[in-house]
Amino acid sequence: MNPPYRDVTVGALLTRLAEALPDHEALIYAEPSKRFTFKQLNDEARLVARGLVGAGVQAGDRVAVWATNVPEWVVLQFALAKIGAVLVTVNTALRASEIEYLLRQSDTSVLITIRGFRGVDYLDELRSLGAIGGHRAARWPLLRQIFLVGDDCPDDVTPFASLRDANSSVTDETIDARESAIGLDDVINMQYTSGTTGFPKGVMLSSRNIVNNGYWLAHGIGFTPADRLCLCVPLFHCFGCVIGVLGAYTHGACLCPVEAFEPRRVLETVARERCTALYGVPTMFLAELEDPEFARFDLSSLRTGVMAGALCPEPLMRRVMETMHLPELTIAYGLTETSPGLTQTPRDASLSERTQTVGKVMPEIELRIVDPATGNDVAEGERGELWARGYVVMKGYYNMPDHTAAAITADGWLRSGDQASIDTAGNVRITGRIKDVIIRGGENVAPKEIEDLLRQHPDVADVSVYAIASEVFGEDVAAAIRPRAGKSVDTADVASFCRDRLARFKIPRFVRLVDAFPLTASGKIQKYKLRQAHEEDLRAIAAASASRSSSA
């Protein structure tokens, strides 16, 4: 049977593609130059699966992958699924204490990693924890083995290439039996929450969760085997390995990943491979448009894609649709706990729908907008907390039953923590995080409302609004502003710009100019870091002022 596919396990998905489209290009890398058909990719995944079984990996074992978008990442996504192991995705920006928490909390038994990324040597980080070396067994009793992807493998780490030298005792029949024993609702993937706020939690996801969600999101952009997706979002995130990999493969489309996001490499990949689709968060699309050599790349093959992570300002969306040749770009919204997608705009949505809403609820999912204080549904168009129910809801947080019970009601509703409303046409508007709402003197302030206004300022490229501690009001409103290239922003002018457009209590009292925002590796602004840095600056100013007063 030819694609599209749904209601199959992750491992069986690639098996079906290899049978239906054996010679169709599946995975293309420029650096290093690698090209796989679906048959070749399935053969490679089975070979690595045999090696993993030979290394002692059992069904249900947690295997962590700490790597950029290298070819081995995609191979492992399917190899692990074929033998029933749980893929634990690891953020490439983690440092020693963070990776220690993740590996211990997830009970990881095998770690597969690259040498490092952006100046951080992963092996050095692991050595500092005692995870590499002669004392590992004592300090890390569950972590049996570490494999390194790449060359120059030190003696105390096992080369990933050794997995391809499959144990002769592990037969193809063994892999077939392991693959067929996996159920649609078995946990196959664990993703740790992005950490913009709070302590990371391991979200347990099944094949039903992620294969079907990938299917519906790709259905929304009309994917077929003729499509080629330039995938520049990280694979460790649901956007990459679910919307990206599984969305493309449920419809037989080809993947052209970029190992790590660089605007120039994205443009080169689209032009070279004649990609028809492009994914990203708004900041990625903006960086691509602002590349000094943007005009020399032929992007006319593009037609569609997915933008997620944050709402896109209207001027940027217009440029993306027209200048980047993406008239069918869709906006998607979701969270890791919902596999991730909940809503999506149609390919022919109006500009206002794409920039002011996140679209309508996707098939086979229910949504409610609830008053978090009472648990009752709010009136149509009113704001409340968005709740979701359906096949997308996670199996729970790993080894965190109390957090799971707090997130999922007894009748299966997932509390998103996002503030939202639904209009008469069924379009969902995300108005902020419930936990991000600033409570200033008893008045609730939604940061998104202020951000949307300040993005209209002619000299503002981007903005993030957050709370600052206040002895008078409890919290006060602060804004970090990144000026447009070649422009300057008078901080005093910000209040004047807002004065006729916002209630007084919503006007930022504190404004800070920044060259860049602190981001997670998946492109989300870390507001807690902005707040910490801003409050440190304010304390330093107060201390200097007090020192001058005492000297006088």
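Let's start at the surface: D348 counts as exposed, with 67% relative accessibility (exposed means over 50% relative accessible area, buried under 20%, and partly exposed in between, using a 1.4 Å probe and protein chains only). D348 sits in the loop between β17 (341-344) and α13 (351-356), where helices (H or I, at least four residues) and strands (E, at least two) are DSSP runs numbered from the N terminus. In sequence D348 and I221 are 127 residues apart, yet C-alpha to C-alpha they are 9.8 Å apart in space.

A word on what you're looking at: this is a predicted model, in which local features need pLDDT of at least 70 and side-chain atom pairs count only at pLDDT 80 or more, while totals for chains, interfaces and linings use all residues. Residues are numbered from 1 along each chain as its sequence is written, and side-chain values use heavy atoms, with hydrogens and water left out.

Now for the sheet. Eight strands make up an open sheet with mixed pairing, in the order β9-β8-β5-β3-β4-β10-β11-β21 (two strands pair if DSSP finds at least two bridges between them). At the edges stand β9 (158-159) and β21 (396-397), each with a single partner strand, so one side of each has no neighbour in the sheet.

Helix α3 (residues 71-82) lies across β3 (62-66), β4 (86-89), β5 (108-113) and β10 (187-192), and runs at about 145 degrees to β4. Here axes are lines fitted to C-alpha atoms, for helices over the stretch in contact, and angles run from 0 to 180 degrees between N-to-C directions. Helix α8 (residues 207-220) touches β10 and β11 (202-206), and its direction makes about 75 degrees with that of β11.

Helix α3 also packs against α9, at an angle of about 75 degrees and with the axes 12 Å apart. That makes α3 roughly perpendicular to α9 (65 to 115 degrees counts as roughly perpendicular, under 35 as roughly parallel, over 145 as roughly antiparallel and the rest as oblique). From α3, W73, Q77 and F78 meet C241, V245, L246 and Y249 of α9, contact meaning heavy atoms within 4.5 Å.

What about the interior? The largest nonpolar core has 161 residues, of which L52, F78, Y249 and L278 touch the most other members. Such a core is a set of buried Ala, Val, Leu, Ile, Met, Phe, Trp, Tyr and Cys residues joined through side-chain atoms within 4.5 Å. Helix α9 (residues 238-250) gives the most to this core, with nine residues. Leaving aside neighbours within four places in sequence, L52 is in contact with V57, L76, A79, L80, I83, I112 and L163.

Four bridges join β12 to β13 (residues 254-257), the two running parallel, and R228 has C254 as its bridge partner.

Finally, some backbone details. The peptide bond from S339 to P340 is cis, with omega near 5 degrees, and P340 lies in the loop between β16 (328-334) and β17. N399, though not a glycine, has a positive phi of about 55 degrees.
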